[in-house]
Amino acid sequence: MRGLALLPLLCSAAWSQEGSEIVGARERVWIAILEGSVRADGAFEGTDIDVDEDFDFGTPRIFNDACVWLNLPLVVIDRINVGYWFGSFSDQETVTQTFTFGDQTFTQGADIDVDLEFDAFSASIEKFIFPLGTDELGAALSIQAGLKYFLVDALIKSDTLGVSESRDVKGPLPVVGARFIGQFTEWFRVEVALVGIGGRYGDV
């Protein structure tokens, strides 16, 4: 996949305390937007497909994320995060312009079903800046950097043409981002995060 950017915009409420504990855990819901292009080469060079304009994947979708962390009293690193993150994009479209995906060609006018599934294992370090208040009432801004190991499965099929093509991608991608936390009680907080991911693997 080339030029593909997954932008998870997290805005969630969580019932857990995130402060002075040594080890913690949480489950979150992400609103994710997919932008860029995807191409799968087969016997011939595939077509660059805009996932927003051609597949309407720019519409926000729900992703789920489970994470455990370890707080560290270090100067450079405040926390280590390890997590599992998953979600999918799906769409039904009528092909407006003939394109090739892998070894199959989908012609103009054909109805197609498109599925793109993501699974990711992540590890990151985090540094908090400008912390204010206490564990029970306060706010903090952090910066993050790490890796996500992605398992991505892409499927395009057309009952109209009687053809289908699937491709998968596996590999690590770098992750950078920022996170804002607002703690309102000991057990309730609101969190907003922006994380950017991008990359390219092989012929998919």
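Which side chains meet in a salt bridge at 3.3 Å, N to O, with Glu-126 as one partner? Keep that in mind while you set up the view.

**Whole chain**

This is a predicted model. Colour it by pLDDT to begin. The mean over the protein chain is 80, and 83% of the residues reach 70 or more. Now go to strand E1, residues 4-14. Among the elements, E1 has the lowest mean pLDDT, at 49. Strand E7, residues 104-106, has the highest, at 91. Select residues 10-17 next. Here pLDDT stays under 50. The model still has 31 contacts beyond four places in sequence for this stretch.

Switch to cartoon. The protein chain has 0 helices and 11 strands. Run from the N terminus and you pass β-β-β-β-β-β-β-β-β-β-β. Of the 204 residues, 40% count as buried. Look at contacts with a sequence separation of 6 or more: 68% of them join residues 24 or more positions apart. The accessible area comes to about 10,500 Å², and 61% of it belongs to carbon and sulfur atoms.

**Stop 1: Glu-126**

Select Glu-126. This residue sits in strand E8, residues 111-133. Is Glu-126 buried or exposed? Glu-126 is buried, because its relative accessibility is 2%, and the cut-off for buried is under 20%.

Show the neighbours. Leaving out residues up to four places away in sequence, Glu-126 touches Ile-77, Asp-78, Arg-79, Asn-81, Ser-142, Ile-143, Gln-144 and Arg-179. Pick Ser-142 from that set. Its side chain is joined to the side chain of Glu-126 by a polar contact of 2.5 Å.

**Stop 2: the salt bridges of Glu-126**

The side chains of Arg-79 and Glu-126 meet in a salt bridge, 3.3 Å from N to O. The pair links distant parts of the chain: Arg-79 is in strand E5, Glu-126 is in strand E8, and they are 47 residues apart. Both residues are buried.

Arg-179 counts as buried because its relative accessible area is 1%.

Keep Arg-79, Glu-126 and Arg-179 on screen together. They are linked in a network of salt bridges.

**Stop 3: Arg-167 and Glu-165**

How many salt bridges does a search of the whole structure find? The search finds 4. For another of these, select Arg-167 and Glu-165. Their side chains meet at 3.3 Å, N to O. Arg-167 is buried, with a relative accessible area of 17%. Glu-165 is buried too, at 10% relative accessibility.

**Stop 4: Asp-78**

Asp-78 counts as buried, at 18% relative accessibility. Which backbone nitrogen lies 2.7 Å from a polar atom of the Asp-78 side chain? It is that of Phe-128. Not counting residues up to four places away in sequence, Asp-78 touches Leu-70, Asn-71, Leu-72, Glu-126, Lys-127 and Phe-128.

**Stop 5: a nonpolar surface patch**

Bring the surface back. Select Ile-22, Val-23, Val-68, Leu-70, Ile-80, Val-82 and Ile-125. These residues form a nonpolar patch on the surface, with about 580 Å² of accessible area together. Strand E4 (61-71) and strand E5 (79-94) are the elements that give two or more residues to the patch.

Centre on Ile-125. Ile-125 is partly exposed, with a relative accessible area of 39%.

**Stop 6: Thr-185**

Finish at Thr-185. Find this residue in the loop between strand E10 (163-183) and strand E11 (189-199). Thr-185 counts as partly exposed, at 39% relative accessibility. Show Glu-136 alongside. Thr-185 and Glu-136 are 49 residues apart in sequence, yet 4.8 Å apart in space, C-alpha to C-alpha. Last, display the Thr-185 side chain. One of its polar atoms lies 3.0 Å from the backbone nitrogen of Phe-188.

Key. Residues are numbered from 1 along each chain as its sequence is written. Side-chain values use heavy atoms; hydrogens and water are left out. Helices (H or I, at least four residues) and strands (E, at least two) are DSSP runs, numbered from the N terminus. Buried means under 20% relative accessible area, exposed over 50%, partly exposed in between (1.4 Å probe, protein chains only). A polar contact is a pair of N or O atoms within 3.5 Å; within protein, one must be able to donate a hydrogen and the other to accept it, and residues adjacent in sequence count only if both atoms are side-chain atoms. Contact means heavy atoms within 4.5 Å. pLDDT is the predictor's confidence in each residue, from 0 to 100. Accessible areas come from the Shrake-Rupley method with a 1.4 Å probe; for residues, only the protein chains shown count as cover. Patches are made of residues with over 30% relative accessible area and no salt bridge: like charges are joined within 9 Å, nonpolar side chains (Val, Leu, Ile, Met, Phe, Trp, Tyr) within 5 Å.
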